[in-house]
Amino acid sequence: MTAPEDEVVDLVSSLIRFDTSNTGELETTKGEEDCARWVAEKLREVGYTTEYVEAGAPGRGNVFCRLKGADPSRGALLIHGHLDVVPAEPADWSVHPFSGAVKDGYVWGRGAVDMKDMCGMMIAVARHLKRSNIVPPRDLVFAFVSDEEHGGTYGCQWLVDNRPDLFDGITEAIGEVGGFALTVPTKDGGERRLYLIETAEKGLSWMRLTARGRAGHGSMVHDDNAVTEIAEAVAKLGRHQFPLVLSESVEQFLTAVSEETGYDLDPNSPDLEGSIAKLGGIARIVGATLRDTANPTMLKAGYKANVIPATAEAMVDCRILPGRKEAFERELDALLGPNITRTWERDLPSVETTFDGDLVDAMNAAILAVDPDARTVPYMMSGGTDAKAFVRLGIRCFGFAPLRLPPELDFAALFHGVDERVPVDALQFGAKVLEHFLTHC
């Protein structure tokens, strides 16, 4: 009988070979349907009944299947992954980003860590459970969805709004960007692997700023220039530092790391961010969870060099801590002043749950079953996932895509990065952990 770890590498490599680049435009986004139908076929091969759903537009393919559990009175568990990826420029890569190459102990390609690694593990474990006639403790719903990389308008958001029946009975969920290993130095001179379980993620809000002035000829004196107004607002916002606010998830993470390393990660430490920087690549993610952020990303103004335009615009990517939305908006308004109008172009909520309960116990047990010297800890993700849609149905969401990573690998840099890759043995480890978890959850 084929074990999940025996086929997971081939599955991930095959998934990467589907170019599912999500440009954010319906006309140029491609590949999701072909990939979703391939996933459905891999599941049907072993006996699953699958449902293929297009989310609001042709080609935005999603696949669902359910494995009945032993106790129908318990809420079902959703295991979800997205099939789309961000675009990649082949000229920048060491290998073709859609080759799925397996070399030097890694599977290479766009989506290797975001998140076709988890999708491959899901398929491998789902196939194993069905082939082996294993009945899990509760119903399991496997979902492979589209459009996560552009906010889920043609993916999870559409599915929640239009097909809530697909989520009947689901009370909890696991998805991406959690369960991966962070190796830290210990106080006694050794090392300890911490597995970071995502219990929270910041809100995702894309804000449009608009300045209005008096149009005119570029050769004249103007004291009411929309371009000047928007440039000053963007510069002020881009340099602004929002206050330090620690959520429960972040405090628990800092406490755990401090206990292991001896680093001074006390919230009142004058150099908290300096201490966090010692954690290496993951510090970029952790550092972004200490406060709200508002990063200007796009500017738009004018149509001719000698014409002062009547309006100028900027887009700002705002990531907001749980419970901070109203305070964040007040701070924005005070900072921007009355001459700038702001509107939310996309406004998705923060997500936060507690690091406790039977599901957390099952995650911990699954990790320790394969890596007995490890420790699981909660953390907050600075980005966003499809959990933002599922929480609208009252589903309790975690990030748990287990990977045992080598200490030298800058995992955070691989997300949307050049030469994205995942270790072969990390995939095999993850498949074993996921199998244990889904048979004991």
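Helix 3 is mostly covered, with 14 of its 16 residues buried. Before I go on, please keep in mind that this is a predicted model.

Helix 3 covers residues 116-131. From the first C-alpha to the last, helix 3 reaches 22 Å, close to the 22 Å expected at 1.5 Å a residue. What comes after helix 3? Asn133 follows, and its phi is positive, near 55°.

Now the stretch before that helix. Met115 sits in the loop between strand 5, residues 106-108, and helix 3. The peptide bond joining Asp114 and Met115 is cis, with omega at about -10°.

How many cavities of 30 Å³ or more does a search of the whole structure find? There are three. As a general point, rolling a probe the size of a water molecule over the atoms shows where empty space is left. The largest cavity here has a volume of about 70 Å³. Met115 is one of the residues lining the largest cavity, and the lining also includes Val113, Asp117 and Met118.

Next, helix 5, residues 226-239. Its 14 residues should span 20 Å at 1.5 Å a residue, and the end C-alpha atoms are 20 Å apart, so the two values agree.

Which residues of helix 5 are buried? Ala226, Ile230, Ala233, Val234 and Leu237 are. Looking down the axis of helix 5, these buried residues fall within an arc of 100°, so they line one face of the helix. The general rule behind such a pattern is that an α-helix has 3.6 residues a turn, so residues three or four places apart point the same way. What covers the buried residues of helix 5? The cover includes strand 10, strand 12, strand 14, helix 9 and strand 15.

Ser205 is in strand 10, residues 203-212. Is Ser205 buried or exposed? Ser205 counts as buried because its relative accessible area is 1%, and the cut-off for buried is under 20%. Its side chain makes a polar contact with the side chain of Asp347, at 2.6 Å. Leaving aside residues up to four places away in sequence, Ser205 touches Val316, Asp317, Cys318 and Ile320, among others. Lys325, Trp344, Arg346, Asp347 and Leu348 are also among the residues that Ser205 touches.

Thr343 is in strand 15. At 38% relative accessibility, Thr343 counts as partly exposed. The side chain of Thr343 makes a polar contact with the side chain of Glu345, at 3.4 Å. Beyond residues up to four places away in sequence, Thr343 touches Trp206, Met207 and Arg208. How far apart are Thr343 and Leu209? They are 134 residues apart in sequence, but 6.8 Å apart in space, C-alpha to C-alpha.

The buried residues in helix 10 are Leu359, Val360, Ala362, Met363, Ala366 and Ile367. Seen down the axis of helix 10, its buried residues fall within an arc of 160°, so they line one face of the helix. Their cover includes strand 3, strand 7 and strand 9, as well as strand 17, strand 18 and helix 13.

Last, two aspartates in loops. Asp147 is not a glycine, yet has a positive phi of about 60°. Where is Asp147? Its place is in the loop between strand 6, residues 140-145, and helix 4, residues 156-162. Asp147 counts as buried because its relative accessibility is 2%.

Asp419 also has a positive phi, near 60°, and is a residue other than glycine. Asp419 is in the loop between helix 12, residues 411-414, and strand 19, residues 421-423. At 15% relative accessibility, Asp419 counts as buried, since buried means under 20%.

That is where I will stop.

How values were computed:
Residues are numbered from 1 along each chain as its sequence is written. This is a predicted model: local features need pLDDT of at least 70, side-chain atom pairs count only at pLDDT 80 or more; totals for chains, interfaces and linings use all residues. Side-chain values use heavy atoms; hydrogens and water are left out. Helices (H or I, at least four residues) and strands (E, at least two) are DSSP runs, numbered from the N terminus. Buried means under 20% relative accessible area, exposed over 50%, partly exposed in between (1.4 Å probe, protein chains only). A polar contact is a pair of N or O atoms within 3.5 Å; within protein, one must be able to donate a hydrogen and the other to accept it, and residues adjacent in sequence count only if both atoms are side-chain atoms. Contact means heavy atoms within 4.5 Å. The expected span of a helix is 1.5 Å times one less than its number of residues. The arc is that of the directions from the helix axis to the C-beta atoms. On a 1 Å grid over the protein atoms alone, a cavity is a set of points where a 1.4 Å probe fits but cannot get out, and a pocket is an open set with protein on both sides within 12 Å along at least five of seven lines; lining residues have an atom within 4 Å of a point. Grid points are joined across faces, edges and corners, and a volume is the space filled by probe spheres set on the points.
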